[in-house]
Amino acid sequence: MMNVAATEMLCWNAASLLVAVEPEDPKCFAEGMRDLTCFWEEEGSRSPDDYAFTYMYQETNEESSKCALTAQSVGGSKTRYICRLPSVQHFVPLDVSVFQDGRLIYNRNLLIDHVFLLDPPANVTVTQTGEQEQLRVCWLPPALMDMENSMMYEVEYAPTGSHMGKRESVRARSEIILHSLQPDTRYNIRVRAKPDGLSYSGYWTAWAPWVSMTTPPAEMDLLILALCVVISLILILLSLTLLLSYRRFLLKKVWPVIPSPENKFDGLFSVYGGNFHEWLGVGNRGFWWSPTFLLVEESPSPLEVLSEAGFTAPVPVHPMPFKALGLSKKEVEEDERTGGQDSVLMGRRKGKAHPHWVLEQLQSLDQPSVPCCELHTLEPSDTYVSLNYRSQQDSGAMSPLADISEESLPLQVLFESPGTPTSFSDLESVTYSSGSGEISSQSSLEYPYGAWPLKGPSYISMTVTDSGISTDYSHMSWGTTGLGDLAMAYTNEYKNKVPAPRLPPHGHTVYSYY
Amino acid sequence: MLQAKHLKILLLAWTRLGLPSPLRPICDPRVLDRFIKEARDTEFAMRSCSEGCSLAEPLSVPLTSVDFAIWEKGDVSEPQKQAQEVQSGLWLLAQAISAVRVSITSTALHSLLDNSHSNIHSIGQVIRSLNFPEYTPPADGTVHEDTWRVSSTLELFRVHTNFLRGKVRLLLSHAPACRRDST
């Protein structure tokens with residue numbers, strides 16, 4: 001018959017603990033200072049009367065005592081036999097023997113003060129310490145006499161949800177401060193106890209129930225904050241320095257410069273505002289001579305042209321713009337065809353070229369058709385002023401012109417009557433009467449007209465045209481070249497008046513003809 | 001070891017001074033814990049004792065068993081008796097150790113035995129510091145209390161350890177002199 005007292009059912013969780021830890025049979029443990037419980041488990045369900053449990057303390061000469069056994073069924077097929085000693089003695093070896101049907105099955109020698117299995121620590125409380133990453137754990141030590149100073153504890157803690165728990169041991173004190181915890185994290189903590197092994201020894205108690213507490217949130221360390229600020233400032237400064245030192249490069253990449261042909265065309269944009277025609281008309285580059293008439297007009301200076309022969313009177317020439325002459329291109333062509341001595345056509349010209357204008361004046365003397373101006377036509381017997389490019393030969397700057405044949409030369413005023421001397425100097429003076437100053441340099445006008453090459457009657461007077469665009473006439477081109485030459489010569493004279501010898505006389509009137 | 005020696009020097013110094021005033025109570029449990037630990041080490045060393053570890057004749061040793069039910073009663077009613085019991089037991093042990101030292105040849109064990117002997121002496125000093133009446137060993141070498149007989153050094157030192165762990169420790173930890181201080 002099995003008698004299972006209620007008191008004997010205590011703490012069988014502890015018993016199962018023992019089964020895992022204690023290899024010897026019977027397993028004995030002391031829950032307090034005055035008890036000892038021994039048990040063993042056997043397959044089957046035999047009556048405890050089949051067994052005999054005897055024990056004897058070493059220092060007594062008495063015979064061994066017997067312990068009353070109780071039985072408990074465990075896990076269906078097993079039976080647990082339990083002996084609870086009525087009184088115990090500590091610090092003295094105890095000899096235990098178990099007999100089954102008179103046969104010794106177990107024997108064990110143990111010290112009762114070495115087999116303590118106590119209750120888990122009670123009243124486990126966890127509080128914040130007021131400092132970062134810390135928690136304080138407190139519990140009650142076992143209320144056994146003489147045990148308070150002989151205990152060691154183990155604390156296990158882990159963040160909620162984590163399975164990686166850490167353990168800390170503590171001796172003789174019933175509290176501990178956990179360090180290096182994660183801030184603002186909920187921790188689960190539990191505690192167990194065990195005699196320290198010096199005076200008393202035993203098994204680990206069962207774990208106390210889990211207790212949770214949250215760690216305080218992290219504070220921004222002032223030092224770390226200051227360091228972060230300093231580092232970010234340094235980085236900003238570095239990036240600014242880099243940007244500034246490479247700003248031109250970066251600007252070029254981000255905002256590429258639109259190429260400008262400014263450097264190839266001197267003054268095109270600055271002086272003439274991008275007006276290509278006008279810029280060409282200045283004669284600076286002279287790639288195309290033709291658009292000279294497109295150039296900005298210059299007010300011509302008044303010029304009085306006098307002729308010694310056939311000129312009835314000095315012909316006052318009123319200054320007027322070229323285009324006021326109103327000569328058309330067509331008229332020019334006509335004149336040329338006629339071989340006209342009388343032709344002077346003033347093409348529409350917007351250019352400057354005072355010499356052009358002069359020549360035109362001269363050559364249009366026999367053309368009364370020009371309404372707006374008082375030109376005097378020149379009779380064939382009249383003397384003409386011939387401005388020959390050859391005069392330019394003296395100046396080296398005219399070397400490109402030297403390539404030009406005489407026939408393609410600029411205007412040539414032929415003397416119809418070589419016999420009629422024309423006072424060149426008069427002409428000169430005429431030409432310069434409007435101006436001031438004297439002629440000093442080489443100019444074609446200085447040539448005695450006898451030296452003027454007479455090309456023959458086939459040569460016509462110069463026609464001033466707006467040629468470049470219109471015509472391919474050799475005459476025209478000749479005319480044009482003559483114009484250029486004339487211009488050059490004329491400008492040369494004018495230039496002579498200028499005290500500063502800036503350019504070579506024909507320097508900036510050099511045309512490159514094509 | 002070092003700590004124990006320092007403690008012994010202190011104790012000897014005090015006792016030799018022969019100051020009439022009572023010794024300052026030594027209530028620190030770590031003092032005795034040190035002695036207990038050394039006694040355990042000696043006991044473990046005796047397990048490997050091969051020569052001369054069997055005693056020719058049995059030696060008397062004190063009883064070590066403590067029944068807490070009885071002890072608590074006796075602690076209240078007869079504290080002096082307990083002190084007497086402890087002191088006589090220590091004396092017996094000292095005698096036994098001295099006797100064993102003669103028969104054991106191993107020098108390593110000799111040092112352990114000497115240490116144990118001096119420890120027992122120090123414990124006596126500690127007990128005296130706790131205002132317990134001084135113990136005068138019996139002239140005839142027998143004690144009134146019950147004794148036990150051991151026939152091997154291993155047993156002897158086992159008893160030695162148990163005695164220190166049990167009765168001596170209880171006496172010291174429950175000494176009235178210390179209890180008054182640790183309120």
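Modeller: Of the contacts in chain A with a separation of 6 or more, 64% join residues 24 or more positions apart. A contact here means heavy atoms within 4.5 Å. This is a predicted model: local features need pLDDT of at least 70, side-chain atom pairs count only at pLDDT 80 or more, and totals for chains, interfaces and linings use all residues. Residues are numbered from 1 along each chain as its sequence is written, chains are lettered from A and ligands numbered from 1 in the order in which they are written, and side-chain values use heavy atoms, with hydrogens and water left out.

Chain A has 10 helices and 17 strands. These are DSSP runs numbered from the N terminus: helices (H or I) of at least four residues, strands (E) of at least two. Of its 514 residues, 46% are buried. Buried means under 20% relative accessible area, exposed over 50%, and partly exposed in between (1.4 Å probe, protein chains only).

Now the salt bridges. The whole structure holds 23 of them over all chains. Each is a side-chain nitrogen of Lys or Arg within 4 Å of a carboxyl oxygen of Asp or Glu. Side chains of opposite charge can pair when their charged atoms come close.

Take Arg108(A) and Glu24(A). Their side chains form a salt bridge at 3.5 Å, N to O. Arg108(A) sits in strand E8 (residues 103-111), and Glu24(A) in the loop between helix H1 (12-21) and strand E1 (27-29), so the pair ties together parts that are 84 residues apart in sequence. Arg108(A) is buried, at 5% relative accessibility. Glu24(A) is partly exposed, at 40%.

Next comes Arg46(A), which bridges to Asp50(A) at 3.2 Å, N to O. Arg46(A) also bridges to Asp101(A), at 2.6 Å, N to O. Arg46(A) is partly exposed, with a relative accessible area of 31%. Asp50(A) is partly exposed too, at 25%.

One group goes beyond a pair. A network of salt bridges links Glu154(A), Glu156(A), Arg167(A), Arg190(A) and Arg192(A).
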